[in-house]
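Here is a friendly note to read beside the model. Please keep the sequence and the 3D view open as you go through the points.

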Amino acid sequence: MKPSCWKPDIENLYKVLRRETPPRPVLYELFLNARLYQRLSQRPYREGETMLTALQRVVEAFYTAGYDYASASACSMYFPAGSQAHKSTKSLNEGFVITDEASCEAYAWPDPDQFDYSHLENIRLPDGMKLKILGPSGVMENAIALVGYENLCYLQYENPALMHEVINQIGDRLLRYYKNALTFDSVGLIVGNDDWGFNTQTFFSPEAMRTYFIPWHKKIVEAAHAAGRPAILHSCGNLDAVMEDVIQIGYDAKHSYEDNIIPVEAAYDKWKDRIAILGGIDVGFILLNDDEAIKSRCRRMLEKTSETGGYALGTGNSVPDYMPDEKYFAMLSAAYEF
């Protein structure tokens, strides 16, 4: 695993987010998976464990693998939706619970101020590490879950006032969720995790995104920066039409890249002077190639960015449970050996 001299230091990630060159390669993932958390931490999962116990396992796993942070939820808040059929793919049009003004008013909107954040205070972090706070999905993802994607597309024309109301209810709660998390010293940065698009385009037109969704992301980023912490956008899909907006919002970095949309090497060339680029070693590429090919691509990316900075190595999206551990470790070893 990582060399003995490899110590966590959140300043390394901060340098990447400032588009500077850190003293060693920096690793970045949105999250790993339950098997890796247990393997890396050597802490088995136990039924009924507390959020603090679960987070301690995650912290130890990220530490063992060589990250300068650990991913965490600020609390157990989420936006309940209806059930969906359990299939190999997920429908964006099932499970919706809001159809009109009455169902919007009747919905049990969660209050972020009523949840327990104590694990953020009580967590034991290795020297140099901080927590990276993920949201309970983002403004758009939650709106789609509560209303349904096709219904939401119709709503922006048939009842824009209701669409504003649903999104404002979600946005206000997410903003308070992040603001509450940012009061803890253990928190080093936040992520707006909100998938915005298909392989070919955004879910909604750029104009609709600027009307409904982007203003809330701007408020969340402003809250992070006011608290002296950086903010990262994690979004899957083709965001080419709104990347200027992402930069103008003030996000310090963009995460999630796929080779069939834009390879991370090309994304870095295109945007490196304006926003940090994170991860990007395509999950499909990792799954379909041997360890040496994985290490070779990672080495080339580290070489490409070693002088210009603003890059952290990681997968294109996250480390799913169907990815063999050894392929993930091959990616890490490229950083350790660089």
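1. Let us start with one residue pair. Tyr-69 sits opposite Lys-130 of strand β2. Strands here are DSSP runs of E with at least two residues, helices are runs of H or I with at least four residues, and both are numbered from the N terminus.

2. A word on where this comes from. The model is predicted, so local features need pLDDT of at least 70 and side-chain atom pairs count only at pLDDT 80 or more, while totals for chains, interfaces and linings use all residues. Residues are numbered from 1 along each chain as its sequence is written, and side-chain values use heavy atoms, with hydrogens and water left out.

3. Now the sheet as a whole. In which order do the 7 strands of the open sheet stand? The order is β1-β2-β3-β4-β5-β6-β7, with parallel pairing. The edges are held by β1 (69-73) and β7 (311-312); each has a single partner strand, so one side of each has no neighbour in the sheet. Two strands are taken to pair if DSSP finds at least two bridges between them. Strands of a sheet pair through backbone hydrogen bonds, either parallel or antiparallel.

4. β1 and β2 run parallel and are joined by 5 bridges. Within that pairing, Ser-71 has Lys-132 of β2 as its bridge partner. Buried means under 20% relative accessible area, exposed means over 50%, and partly exposed lies in between (1.4 Å probe, protein chains only).

5. Moving along the sheet, β2 (residues 130-134) is also mostly covered, with 4 of its 5 residues buried. β2 pairs with strand β3 (residues 187-193) in the parallel sense over 4 bridges, and Leu-131 stands opposite Val-187 in β3. Further along, strand β5 (residues 253-255) and strand β6 (residues 276-278) run parallel, joined by 3 bridges. There, Ala-253 has Ala-276 of β6 as its bridge partner.

6. Phe-31 lies in the loop between α1 (10-17) and α2 (34-41), and it counts as partly exposed because its relative accessible area is 33%. Which residues does Phe-31 contact, leaving aside neighbours within four places in sequence? They are Tyr-37, Phe-62, Ser-71, Leu-134, Ser-318 and Val-319, where contact means heavy atoms within 4.5 Å.

7. In α1, 6 of the 8 residues are buried, namely Ile-10, Asn-12, Leu-13, Tyr-14, Val-16 and Leu-17. Arg-19 follows α1 and has a positive phi, near 60°.

8. With 36% relative accessibility, Lys-218 is partly exposed. Not counting residues up to four places away in sequence, Lys-218 touches Gln-248 and Ile-249. Arg-274 is 56 residues from Lys-218 along the chain, and their C-alpha atoms are separated by 17 Å.

9. Now a helix pair. How do α14 (residues 291-305) and α15 (residues 325-337) cross? Their axes come within 8 Å and cross at roughly 40°; the axes are lines fitted to C-alpha atoms, for helices over the stretch in contact, and angles run from 0 to 180 degrees between N-to-C directions. The contact involves residues including Ile-294, Cys-298 and Leu-302 in α14, and Ala-330, Met-331 and Ala-334 in α15.

10. Finally, the cysteines. How many disulfides are there? The count is 0 disulfides, a disulfide being a pair of cysteine sulfur atoms within 2.5 Å. Cys-153 is in none, and the nearest cysteine sulfur, that of Cys-104, is 18 Å away. Cys-153 is partly exposed at 22% relative accessibility. Cys-236 itself is buried, with a relative accessible area of 15%.
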